[in-house]
Amino acid sequence: MKAAFLPDRGVVKVSGEDARNFLNGLVTTDVTLLQPGLGRFGALLTPQGKITADFLITEAPAGHGGGFLIDAPRALAQNLADKLGFYKLRAKVAVENISDSMGVLAVWEGEPAVKPDLAFADPRHEGLGWRILVPEDLKHKVAGLIGADLVDSDAYEAHRIALGVPRGGLDFMYSDAFPHETNMDRLHGVDFDKGCYVGQEVVSRMQHRGTARTRIVRVTLEDFSPETGVAVLGGDKQLGTMGSTAGGHGLALVRIDRVADALDAGLPLTAGGLAIRLTDPNDVRTPPKQTVA
């Protein structure tokens with residue numbers, strides 16, 4: 001079993017007697033289902049339905065002060081805290097960026113021997129394993145406690161990419177992508193039955209009309225790794241852009257209809273002049289039915 005402290009992740013705490021209902025009215029996931037030891041994947045959207053920040057969220061037990069802990073990109077943590085504060089109005093909640101004192105340990109390829117209080121299974125994909133919220137200076141102690149080998153965060157990145165799970169800022173740009181485009185609907189990040197939240201009308205319309213034609217898909221690299229951001233081509237026609245890569249695997253944000261047409265025409269796929277291929281052609285043909293964890 002492996003564990004890696006993720007320096008790119010931060011933690012925002014939302015507490016107070018109104019915290020649950022406050023969050024539930026803002027984000028894409030159903031916060032009413034949360035309890036200590038469980039986690040959910042969600043996002044705060046713009047009113048136009050685009051992702052401001054995506055995150056994992058869990059409920060802290062009473063021994064840790066209660067409230068909700070949001071595992072978010074560290075570069076966005078303060079901005080997320082500010083945006084949540086903007087929506088607070090008269091709600092009895094407190095929002096705090098605690099990234100300087102609390103971080104994220106990812107654990108995969110096994111089951112923790114013991115589960116610390118702030119541990120939860122990653123709800124996006126079974127293969128991603130567990131998340132444990134912990135101060136960085138305790139990472140060695142916690143890894144030993146759960147029976148994991150502490151490795152560099154690059155190992156987790158390679159694992160994430162191989163599983164086809166996007167990372168904001170690399171595989172898509174914040175404030176420029178809809179949840180469907182980043183596969184949040186396939187990664188249990190959108191609850192279509194929970195009721196209103198910011199941007200909900202746009203997301204529901206895309207779901208019911210099936211209008212998501214841009215998706216992040218898995219690609220296999222034939223040789224060297226293309227640079228992030230270079231164009232993906234089918235023949236000489238641009239189909240999308242390349243995202244993150246590692247160990248012969250990569251992710252790309254593409255127009256799935258155009259990629260399907262290129263495959264049907266037998267056109268080679270390239271990125272930055274390097275050959276790539278879809279890991280699973282079904283990624284652009286028959287979308288899996290969405291579920292919510």
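Contact between elements is taken here as heavy atoms within 4.5 Å. Axes are lines fitted to C-alpha atoms, for helices over the stretch in contact, and angles run from 0 to 180 degrees between N-to-C directions. Helices (H or I, at least four residues) and strands (E, at least two) are DSSP runs, numbered from the N terminus.

The model is predicted: local features need pLDDT of at least 70 and side-chain atom pairs count only at pLDDT 80 or more, while totals for chains, interfaces and linings use all residues. Residues are numbered from 1 along each chain as its sequence is written, and side-chain values use heavy atoms, with hydrogens and water left out.

Two strands count as paired if DSSP finds at least two bridges between them. Strand 2 (residues 9-15) and strand 6 meet this rule with four antiparallel bridges, and Ser-15 stands opposite Ala-94 of strand 6.

An unreviewed UniProt entry carries the annotation "domain: GCVT N-terminal" for residues 12-108. UniProt positions are given in the numbering used here, feature names are shortened, and annotations may be inferred rather than shown by experiment. The span of residues 12-108 is 22% helix and 37% strand, and its end C-alpha atoms lie 23 Å apart.

## Pairings of strand 1

Strand 1 (residues 2-5) runs parallel to strand 10 (residues 149-150), joined by two bridges; here Ala-3 has Leu-150 as its bridge partner. Strand 1 is also joined to strand 7 (residues 103-108), by four bridges in the antiparallel sense, and Ala-4 is partnered with Ala-106.

Six strands form a closed barrel, running 11-14-13-12-15-16 with antiparallel pairing. The twist averages 40° from one strand to the next. Strand 13 (residues 237-246) and strand 14 (residues 249-255) are joined by five antiparallel bridges, with Ala-246 opposite His-249. Helix 6 (residues 256-264) lies across strand 11, strand 12 (231-234), strand 13, strand 14, strand 15 (269-271) and strand 16, at about 105° to strand 14.

## Cavities

On a 1 Å grid over the protein atoms alone, a cavity is a set of points where a 1.4 Å probe fits but cannot get out, and lining residues have an atom within 4 Å of a point. Grid points are joined across faces, edges and corners, and a volume is the space filled by probe spheres set on the points. There are two cavities of 30 Å³ or more. For the classes below, Ala, Val, Leu, Ile, Met, Phe, Trp, Tyr, Cys and Pro count as nonpolar, Asp, Glu, Lys and Arg as charged, and the others, Gly among them, as polar.

| Cavity | Volume | Lining by class |
|---|---|---|
| Largest cavity | about 50 Å³ | six nonpolar, one polar and two charged residues |
| Second largest cavity | about 40 Å³ | eight nonpolar, no polar and no charged residues |

The lining of the largest cavity includes Phe-41, Asp-54, Arg-124 and Thr-182. Among the residues lining the second largest cavity are Val-217, Val-219, Ile-276 and Leu-278. Strand 11 (214-221) and strand 16 (274-278) are the elements that give two or more residues to the lining of the second largest cavity.

Key:
1 Å grid on protein atoms, 1.4 Å probe; cavity = no way out; pocket = protein on both sides within 12 Å on 5 of 7 lines; lining within 4 Å.
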